[in-house]
Amino acid sequence: MDKLFSIGFWSTVARFILRNRTLLLIAIALITVFFALQWKHMRFTYTEANLLPDDHEINVEYNKFLSEFGEEGNLIVLGIKDSAIFTPKVFNAWAQLSNDLRTSEAVELTLALGDLQKLEKRTDSAGFQLVPFIQDTVFTTETLAKYKNELFHKLPFYNGLVYSPGKESVRTAVYLKKDIVNTPQRKDFIVDVLIPRIEQFELETEIEVHTSGMPYIRTLNSQNIIDEIGMFIGAALLVTSLIFFFFFRSVRATLISMATVIIGVMWAFGTLGLLHYEITVLTALIPPLIIVIGIPNCIFLINKYQQEIKQHGNQAKSLQRVIAKVGNATLMTNVTTASGFATFILTNSQLLKEFGIVASINIIAIFLLSLFIIPIVYSYMAIPKYKHLKHLNKEWISKFVNWMERMVKNHRIAIYISAVCLLCLSIVGMYNIKISGSIIEDMPKKADFFKDIQFFESEYEGIMPLEILIDTKRQKGVMKLATLKRMDELQEYLQEIPELAKPLSIVELVKYSKQAYYNNNPEYYQLPNSQERTFLLSYAKGSADRTNLLSSYVDSTGQYARITTFMKDTKTERFERIEEDLRSKIDKIFPPDRYDVSVTGKALVFQKGTKYLVNNLIISLSLAIFLIALFMAWMFRSLRMILVSLIPNLLPLIITAGLMGFIGVPIKPSTILVFSIAFGISVDDTIHFLAKYRQELIANNWRIKKSVYAALKETGVSMFYTSIVLFFGFSVFTISSFGGTVALGALVSATLLFAMLANLLLLPSLLLSLEKSIANKETLRQPALKIIPDSEEEDEDEAML
């Protein structure tokens, strides 16, 4: 029954495709137009990826912080490190730059040298007032030197905020309106207003401006992703078409294949638009992935068509066999590849779910496009000429196949020793793998904005926001002296951590209030004592509305306070140690029965997201292996065959993991994808080989050696072709400016190369060595699924057509 169903099903498919050629081409054209119309719904991401699920504890705390204080990542900083800033020409230009930016509708406020305010004691009431720090309108070098001395030595409130702790650079803080930070308006301001205005300043003064801050970094990072999509697609098309032409030496075969995958790319973009998914650093990889994965489908179909033409010269018969024989095999291999991507759907990360959904859908779509377009287009063309079939007789291919056969026949022990040595070496390397939660590690190292990140890390000790939210559990509890002293103690602890910048909070304002009360003597920049508490805090409270300095660090009820610091790019192990010690210190300073204190901010969210992702993807990879093992069990109905088929596919993953450990490539969101992607693709070769092997067993009356060598000769060429295409196709990603994309491309390419060798050398060696316990009639007599129809079934198959 299984046999008859397989024959009948694929006979029906072949008949349907070839009898409805025109109708199917029109349907494909209409679907392509429909997907093209969905492109208008494509959106590019305006936020960095949040890898945690919405209900995760870290996300809950972060959202609570946002509900109290709003979007934290709204700060853009402009910095210069040049003593000429305190000369009249440059000072005026710097002040004008700030003034021009402040007039933009996207800007909430700016904090620059020219518009600094000093806090002074009022004489008419209990409170303070803000007066301009710069009171002159015409500047000389002498007056600016006086202001510089006062700023650096008498206003510690602005230390780390306006001037660097080393007093060698100054910066302007530009606060965007929080409601536009995650919208296209942010990009419009940065691209159309900020960058041109900075370039104008640099041209006028010949001083370099360093620009950073999360809105700026995210905008330019997103633009890099957009720019690279086209580059990837073009490079993937170029590389795969050149390799394809080199193998087939046929312009029309190359053009047909390229047209097929281009339509697949259009469908991929259309799927993103239809589902209203954002284009992220992950989903941007899908279109070139479709090209790389789609070309092997074309290779199998066209190669089989040309083999059939060479054998009997009957075009109709050849096209029927292509669909009936290769269609089934490519369906199964595409299903396993799609399964590798589909396991991402089972993670709780929205980013990975979207990637898995779009990738798996379009892998099946490119299979259908290949199955429909290639036979239909060839049916309208003349039979291939001899020159189009010469590649089937290439001498170097014959030499390669003969080399494989000699290795398997005469050097199996060497193959096993090599595999075991690589396995042991790789296990050692795996112990050296680190986990990286750096948000900037994958960013383009040669980009100007990355160099600016390094500038601010050096001068201001970090740019990634780390927030501490303090709930005093009662209204106006923040302004209690006991609370302020506890916050001050925590801030002193934070300043001792070299990876963290100087923290900012309401404590700084209260200290500044005491300094102002004592005629701005910097020696009094400290919290009030118990005697000063009553009148100084009343002064601070009385000036709150007039100065508007409290709103960013204390909520309207006075119950919640925040301490903001910024973190350098820090290795995961060090970050975890810092977090552990920080939480321990918080518990000592703030009794849990009186305060609720949470550590949050984008730095923490990203670090935790990376670790969460690694754990989830290990589960995802395990699930992919389990699903494909079940598929092999269903297909071959043999536990032994599962083990034999998994060994050549798991070994390359272990080798790649070891390689990552030795060369220092960490586990991170980009590199963890390598294993699921590579496993889903590499198992395709195993399916092709074992399916052909079983067919040869039946044809050769269960003679093991003859069947293995015959299967190796038959499938070795196609496996080699497709592996080379996949190797160079994924290598395209190494031209990216994103470190993670480069690592992804290089590691997948290396893994697939190892997988090809394992499937061509190790797999047949195992079959030969274990022939008595594996390859018997009971094990392989009647599989649940017919991958390749047996040769004796061909006449019956064609009769049904």
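Trainee: Which residue just after helix 9 takes a positive phi?
Mentor: This is a predicted model, in which local features need pLDDT of at least 70, side-chain atom pairs count only at pLDDT 80 or more, and totals for chains, interfaces and linings use all residues. Residues are numbered from 1 along each chain as its sequence is written, and side-chain values use heavy atoms, with hydrogens and water left out. Helices are DSSP runs of H or I with at least four residues, strands are runs of E with at least two, and both are numbered from the N terminus. Just after helix 9, a positive phi of about 75° is taken by Gly313.

Trainee: How many of the residues of helix 9 are buried?
Mentor: Buried means under 20% relative accessible area, computed with a 1.4 Å probe on protein chains only. By that criterion helix 9 is mostly covered, and the buried count is 23 of its 27 residues.

Trainee: What order do the strands of the open sheet have?
Mentor: Two strands pair if DSSP finds at least two bridges between them, and six bridges join strand 2 (residues 75-80) to strand 6 (residues 170-176). The pairing in this open sheet of four strands is antiparallel, and the order is 3-6-2-7.

Trainee: Which residue in strand 6 is the bridge partner of Gly79?
Mentor: Strand 2 and strand 6 run antiparallel. Within strand 6, the bridge partner of Gly79 is Arg171.

Trainee: Which helix packs on the sheet, touching strand 2, strand 3, strand 6 and strand 7?
Mentor: Contact means heavy atoms within 4.5 Å. The helix that touches these four strands spans residues 184-205 and is helix 6.

Terms used: Buried means under 20% relative accessible area, exposed over 50%, partly exposed in between (1.4 Å probe, protein chains only). Axes are lines fitted to C-alpha atoms, for helices over the stretch in contact, and angles run from 0 to 180 degrees between N-to-C directions.
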